[in-house]
Amino acid sequence: MPHLSFDYSANLEAGVDMPAFAGCLHDALLETGLFELGAVRVRGFRCDVHVVADRLAQNGFIDMSLRMGEGRSLEDRQRAGEAIFAAACDFLAPQFASPHFMLSLEIREISAPLSWKRNAIHPRIRQMQTGTGE
C-alpha cells in the first residue's frame, strides 16, 4: 500500500508535465517489485503559495512523500526510495540544469494498528491478472 504524494511549486508547470511525472513515479514504484498494482497511489498537489530559499520567483521545488505499510526491511525501503528518487531525477533532468530547483523524498511507515483500509480495486486487478475477470 504505497501512497506517493508530491507537492510542487506552481511555477514548475510551464516546464514539467506533471501527469507524466506522476506516471513515471507510478512505474518506478511497480518496477521495485515491492508493491501490488492495485495498491499503488500517486498524486500531486500544486502549491500556489510558496517561498523558496532566497525568495527568487524562479525557485521551484518538488517534495515527495512515500508512505507504506509496516513490514518491509530497511533494505527494501531504501531500495524503493533509491529507485523512485533516481526515476524522478532522470525525469526532471532539465530542471536540474537551472540553479533554481530542489527535489526531496521522505519515506514513512504507516502503523498497521492505526490504519484502516477497504479496497475494491485489488480483487478486480487480481481477477484480470489471472484471466478470470473483466
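**A close look at the salt bridges**

Guide: Let's begin with Arg126, which counts as partly exposed because its relative accessibility is 39%. Please keep in mind that this is a predicted model. Arg126 makes a salt bridge with Glu36, and their closest N and O atoms are 2.9 Å apart. That pair ties together distant parts of the chain: Arg126 belongs to helix H4, while Glu36 is in the loop between helix H1 (18-31) and strand E2 (41-47), 90 residues apart. Glu36 has a relative accessibility of 40%, so it too counts as partly exposed.

The structure holds five salt bridges, so let's move on to helix H2. Within this helix (residues 74-91), Arg79 and Asp76 are three residues apart, about one turn. They form a salt bridge whose closest N and O atoms are 3.3 Å apart. Arg79 is partly exposed, at 37% relative accessible area, and Asp76 is partly exposed as well, at 24% relative accessibility.

Next comes Arg77, which forms a salt bridge with Glu109, with 2.7 Å between the closest N and O atoms. Here again distant parts of the chain are linked: Arg77 is in helix H2 and Glu109 in strand E4, 32 residues apart. Glu109 counts as partly exposed because its relative accessibility is 39%.

Key: Residues are numbered from 1 along each chain as its sequence is written. This is a predicted model: local features need pLDDT of at least 70, side-chain atom pairs count only at pLDDT 80 or more; totals for chains, interfaces and linings use all residues. Side-chain values use heavy atoms; hydrogens and water are left out. A salt bridge is a side-chain nitrogen of Lys or Arg within 4 Å of a carboxyl oxygen of Asp or Glu. Helices (H or I, at least four residues) and strands (E, at least two) are DSSP runs, numbered from the N terminus. Buried means under 20% relative accessible area, exposed over 50%, partly exposed in between (1.4 Å probe, protein chains only).
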